[in-house]
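The stops below are meant to be taken in order.

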Amino acid sequence: MGLKPTPYGTAIPFEEKELKFVGKNPTERPDAIEKVTGRARYAADYSLPGQLFGKVLRSPHAHANILSIDTSAAEALPGVKAVVTMDDFPDLEVEIAAAGELMVNFRDVTRNVMAREKVLYDGHPLAAVAATSNAIAKRALKLIKVEYEVLPHVIDVVEAMQPDAPILHEDQFTKGVDPKPEKPSNIATRIESKLGNSEEGFKKADVIIERHFNTKAAHQGYIEPHACVANYTEGGYAEVWTSTQGHFVFRSQIAKILKMDLAKITVTPAELGGGFGGKNTVYLEPLAIVLSKKSRHPVKMVMTRDEVFRATGPTSGTNTKVKIGATKDGKITGAQAELNYQSGAFAGSSLSMAAVTVFTRYDIENILVIGHDVTCNRPKVAAYRAPGAPMIAFGVESVIDELAEKLEIDPIEFRLTNAAKEGTQTHFGPKLGPIGFVETLEAAKASEHMKMPLGPNQGRGIATGFWFTIGNETSSTLNIAEDGTASFVYGTVDVAGGSRAVFTQIVAEELGIPLESIRVVQSNTTSLGFNFTTAGSRGTAAGSMAAVKASRDAVARMCDIAAKIWDVDIDEVAWEDGHARPAGANVGDFDPLSVADLAKKAAYYGGTIAGHAELNVVGGGPGFGTHIIDVEVDKGTGAVKVLRYSVIQDAGKAVFPDYVKAQFHGGAVQGIGMALNEEYIYDENGIMENPGFLDYRMPVASDVPNIDTIIVEVPNPNHPYGVRGIGEVPIIPPLAAIANAIHDATGIRLQDHPMSPPKVLKAMSEL
Amino acid sequence: MSKHHITTTINGDEVDFLCETSQTLLDVLRDELHLTGTKEGCATGDCGACSVSLDGVLVCSCLVLGVETGGKKIETIEGMADGDELHPLQRKFVEHVALQCGICTPGLLVAARSLLAKNPDPTEEEVRFGLAGNLCRCTGYQNIVNAVLDAAAEMRGA
């Protein structure tokens, strides 16, 4: 993922101990009351005195040169206070940085927030207006005159890879090919990763299956559109309230795009109305700041749903090939995959992440993975929950199912025979540490679900998934107030209300004080050091590591105060159950001192009590899951109904078990939507035809069944409580599990996504 | 263009506001009256995040114009709790972990209250179909459905 491994990272080893708070559901989440009463403040809920409303002019073409932009009529409209175009933004050189699971190139980021030489997709911004009302801003957009030279466009990934395809970037030559190609290409990068010799592996196989798969782009579908309020103040400072998964990463991007010093920018993350990977990159923020600078007013910008679909990151549409060979007793001997992933208008899809997940659930000696990152006239893709993995798992887990069928081996047994375990060599480098994949398969095999009988036109499918847990920069501060209550300030955005609760549980566990005595507060960019964005399932895993470190820091300080009060050596003080207690020879000499006792006396004994963590967290425990899905196929319409669903996943340690289950539910249902309905549809001019929730149909409550869950706990040895990231794995298996269930019900094997009624009907008619 | 002067009742209080002809009830609630608990997810009536009750009828406030609400009674999420006392639906949403990011939660609560007013003893299927106009992307709906069923039982005194 381009993030440099560090020898200076922090991992706190797992310790088995009796737990009071961790692993037990708290009765009240810190964010819940605000959310159920409508008082929680999301970005679009913020307003500043004197604020203007900003709107963006977007390209109506998929691909066109910008010949001229005339903003004079818009500027002359009463109520319009500022208009900006590319001329208001500096051009930037190529410079790559991490932004969640995907990398960003600042040369491209600045062109994505405001088009420069040409527009590259339907919805590409090319001007923005700030006015005294939304209505005036919208009217002003219509007065901006743009002259375009429309160019041929390309939408499909395979078409974009052809030598005669319309080229998006004349200066893009395929990387990873030697010698450097002479002609520019939409293939930005070719990657290859291998283990052993896959061709030799196939020679040992009794059965080899090779299949091609296609998936369409799907959107993260957060219900909250992107929004921000920006205020540029005298002295060159900017303050921004925004909808983000990572305020520090946003600050870095804003600083680059506007050539500002980091310290002059304050980004405050509002309550986040869903991100799923799609809110790691700036879209509106630089425009709002420049509009604010020009107009000398705060500027509020809120996207419409149409803008969210047309111009923010969906996941890649893909074309893949999977080839796997196995012996007749069910041992996989060789495997190959080719991944062709759309990156949208600029290079940099989730390919590199997807490529390392391809076969990383199985112990296979001979592997070859080839990938292409392909630009095409679509919005730049963004991360979407386990970015890139569901699409290649669709292929791999479908072929695994077909192999098991051909070999007449139970699909779970086939996977158990080949399952990755501690010590398995991956094809991308490291050997796996202790993981719980086999445990999820065993739990699936023993589950009640597997015993449920199936009726006519019903089928059962199995599929599995793997995703990383990343660590990265994580800072936190724990302040102990004079009365012994604690406030924990964290900087890894709580994307959905779960990690905040977990931080409270962890601090309570470490300090030995009740949950009610702890208040958790999300920082802005000035109140803590840099935190990486909430991506790669790191929120709870890395954030809780910082909570442990900060708590232990504060405990050490409290023990120091007790030692001073008692006039003993610090080794003679132990921390137990929320109190400093005499330990060793002095036991019985002094009464234990509570957090409140110590806090009251802290000033005299050296000053306020606080604990800090400024870490680069390493040792994230990878997560594995197995899903079982039962479907019923309507033979008349081709409609697929999901009847029964089980998620079995290794959480390492579920700190807040009900919330872990809720994450499993959510990921599974997003996966059902992706599998059966969701897709970007373009017309012949490259214009998106379904940029709204009516035509981009996400699952509603009546579309889905209850999701049964089994939490497996194989502790991560590099986390003090054994935690693994859990958020992303659940979206990986559903596509393949549903395809396998449809096969079980009907005999058809679908390789084209989404598995919508017309496709199911057509495949059944061809059977 | 002169604005319209409208008088309504919102959460039991008489409220006056000025609005342009083109402003929706959602715009009025959020931008003019600063009642930001009602959310905008799509502005086309497809997501239910802006659900409010208008004279007892569940509507998407993005599909109603501000000028249409004169003399009517509007109930929003801000009026759901009775002081410090949460509505049973609100309490059950918290207990059942029926919310994650929370952006759809106000609309779902208002829709669920309307559902239970019409059908105090719904089946699971009736709850799922009754809330099918409200999109949630985080929860997969299961905990929401359970929270509504549990609240319904409590409200019936069962």
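The tour goes from one chain to the interface and then to selected places in the other chain.

This is a predicted model, in which local features need pLDDT of at least 70 and side-chain atom pairs count only at pLDDT 80 or more, while totals for chains, interfaces and linings use all residues. Residues are numbered from 1 along each chain as its sequence is written, chains are lettered from A and ligands numbered from 1 in the order in which they are written, and side-chain values use heavy atoms, with hydrogens and water left out.

**Stop 1: chain B**

Select chain B and colour it by secondary structure. Five helices and five strands make up its elements; helices (H or I, at least four residues) and strands (E, at least two) are DSSP runs, numbered from the N terminus. Along the sequence the pattern is β-β-α-β-β-β-α-α-α-α. The radius of gyration of chain B, taken over C-alpha atoms, is 16 Å, close to the 15 Å of the globule rule for 158 residues (2.2 Å times the number of residues to the power 0.38), so chain B is as compact as a globular protein of that length. Its C-alpha trace spans about 50 × 30 × 25 Å along the principal axes.

**Stop 2: where chain B meets chain A**

Now show both chains. How many residues of chain B are in contact with chain A? There are 38, and they touch 52 residues of chain A, where contact means heavy atoms within 4.5 Å. The two chains bury about 3800 Å² between them, 58% of it on carbon and sulfur atoms. Buried area is the accessible area (1.4 Å probe) that two parts lose on being put together, summed over both. Select Q100(B), L135(B) and R137(B): in chain B these lose the most area to chain A, together 21% of what that side buries.

Next, select D45(A) and R30(B). They form a salt bridge whose closest N and O atoms are 2.7 Å apart; the term means a side-chain nitrogen of Lys or Arg within 4 Å of a carboxyl oxygen of Asp or Glu. Across this interface the rule finds three salt bridges. On the chain B side, α2 (88-95), α3 (105-118), α4 (124-130) and α5 (142-156) each supply at least two of the residues that touch chain A.

**Stop 3: a sheet in chain A**

Move to chain A and find the open sheet of three strands, in the order β6-β2-β8, with antiparallel pairing. Two strands pair if DSSP finds at least two bridges between them. β6 (118-119) and β8 (145-150) stand at the edges with a single partner strand each, so one side of each is left without a neighbour in the sheet. Two bridges join β2 (residues 64-70) to β6(A). Select N65(A) to see K118(A) of β6(A) opposite.

**Stop 4: a link within chain A**

Select D171(A) and R107(A), a salt bridge with the closest N and O atoms 3.3 Å apart. D171(A) is in the loop between α5 (157-160) and β9 (187-195), R107(A) is in helix α3 (residues 106-113), and the two are 64 residues apart.

**Stop 5: backbone exceptions in chain A**

Most residues other than glycine have a negative phi, and most peptide bonds are trans.

- D178(A) and P179(A) are joined by a cis peptide bond, omega about -5°; P179(A) lies in the loop between α5 and β9 of chain A.
- From H753(A) to P754(A) the peptide bond is also cis, with omega near -10°; look for P754(A) in the loop between α18 (734-746) and α19 (757-765).
- F276(A) is not a glycine, yet has a positive phi of about 55°; its loop runs between β13 (265-269) and α8 (285-295).
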